[in-house]
Amino acid sequence: MRGTFLVFLTAIAVSNSVAQENYSIDPAWLDIPKAVGGEEVVLTEPVTGSEIPVELRFVELLDGVYAPIGFRKPAGEGPFPTVVFAHMNGGYGLRWIREWTQYGSGTLEAFLDAGYAVVWMRYRAEVDTPYGTELTVREFQGRDRWNRGPLEYEDAIEIVEYVKDLPSVDADRVGWLGVSHGGEMLFKVASEYQGLRAGVASEPAAMDYLAQLPPEPNAPPEPPQPETMEANTPEMQAAAVEALRGQIDEQQAMERINAVEMPIFVAGRDRDHNQSTFRLSYELMEEAGKTVQWRSYDHDRHGFIFVQRNAAGAYEPDPLQRAAVADAIAFFDRHMKSD
């Protein structure tokens, strides 16, 4: 009888031990006996005029929401050097990825032809939350609670980390090409994350990154300028850069720049109303001894490096677009295809 009782107690102990195994991602609120799994959701769609389809993937971000990306790779198994592309501000989700894949991917097609895998990425929209506040997390009711919402460049870091884990991607050779705010995000990412091999900041609107100061109290507002000025001579550009130096917190800007380890190509646009910001970003990196190069192009349109289909549905880049794309590919070849 005593032996039967001990067997009964042992059975209870084993049962309790098994019951204590909880495979939930949310164990404070849900108890499950085995992990719930399944295949990752990947949608594959054809791309007009190309034999290379797009894989529409979804990247989990720090706060549990998802951002879409469009991934394409050359023929073959790889692993391939890979470039992620960031177009200005974020938002618009999966529809944006689909539209730009079909109608705004002339530059990405050139990179595919050059042997690179390519990624269009989306991230959350830019917000007015001051850049520079450290993101921290604490446990709260069994889950995460953040001191602020993640920012778009922090989304981008998660996307890059995801891309580096793809089997056809060479994780040691991942680069970034961003325009305008996408160019500024490159600087922000490079100051906090060392997982990129090289990057191109085209027309980087890096005012936040350079810690531009608010205007003096009671200062008269500056008259607005068109995005593309009628004229912006070298003398005008030099004077604007010197003026901008007096309008930033240079110590804070240099602390950020000193943390950058990756080579960056800063591409300006001669008559852009923010040309002084583009140029000063380059000059401060050069003064910090970073690996950086500069070239400016006299194009009429902001964001010109991303080639779009014309009215006939063809990609026909103009000479300056051809030059800018070729310069970007040459830069990546130099820093991502050599050991």
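Buried residues are those with under 20% relative accessible area; the legends below apply this term to a predicted model.

View 1. Because 11 of the 13 residues are buried, H4 is largely enclosed by the rest of the structure. The buried residues include Glu-152, Asp-155 and Lys-164 as well as Ile-157, Ile-159 and Val-160. Their packing partners are strands S2, S3, S4, S5 and S8, together with helix H5.

**View 2. Pairing of strands S1, S2 and S3.** S1 (residues 43–45) pairs with S2 in the antiparallel sense through three bridges, with Glu-45 opposite Val-54. S2 and S3 also run antiparallel, joined by six bridges; Leu-56 has Gly-70 in S3 as its bridge partner. Five residues separate the strands of this hairpin, in which Gly-64 adopts a positive phi near 90°.

View 3. The structure holds 15 aromatic pairs. Phe-85 belongs to strand S4 and Phe-306 to the loop between S11 and H9, so the pair ties together parts 221 residues apart in sequence. Phe-85 is buried, at 0% relative accessible area, and Phe-306 is likewise buried, at 0%.

**View 4. Arg-122 over two aromatic rings.** Arg-122 lies over the face of Trp-96, 3.8 Å from the ring centre, and over that of Tyr-123, at 4.9 Å. Trp-96 belongs to a cluster linked by ring pairs, whose members include Phe-85, Trp-100 and Phe-306.

Key: Residues numbered from 1 in each chain as written. Predicted model: local features only at pLDDT ≥ 70, side-chain atom pairs only at ≥ 80, totals over all residues. Heavy atoms only, no water. Buried < 20%, exposed > 50% of the residue type's maximum accessible area, 1.4 Å probe, protein only. Helix = DSSP H or I, 4+ residues; strand = E, 2+ residues; numbered from the N terminus. Contact = heavy atoms within 4.5 Å. Pairing = 2+ DSSP bridges. Phe/Tyr/Trp six-rings, centres within 6.5 Å; stacked < 30°, edge-to-face > 60°. Lys NZ or Arg CZ within 6 Å of the ring centre and 35° of its normal.
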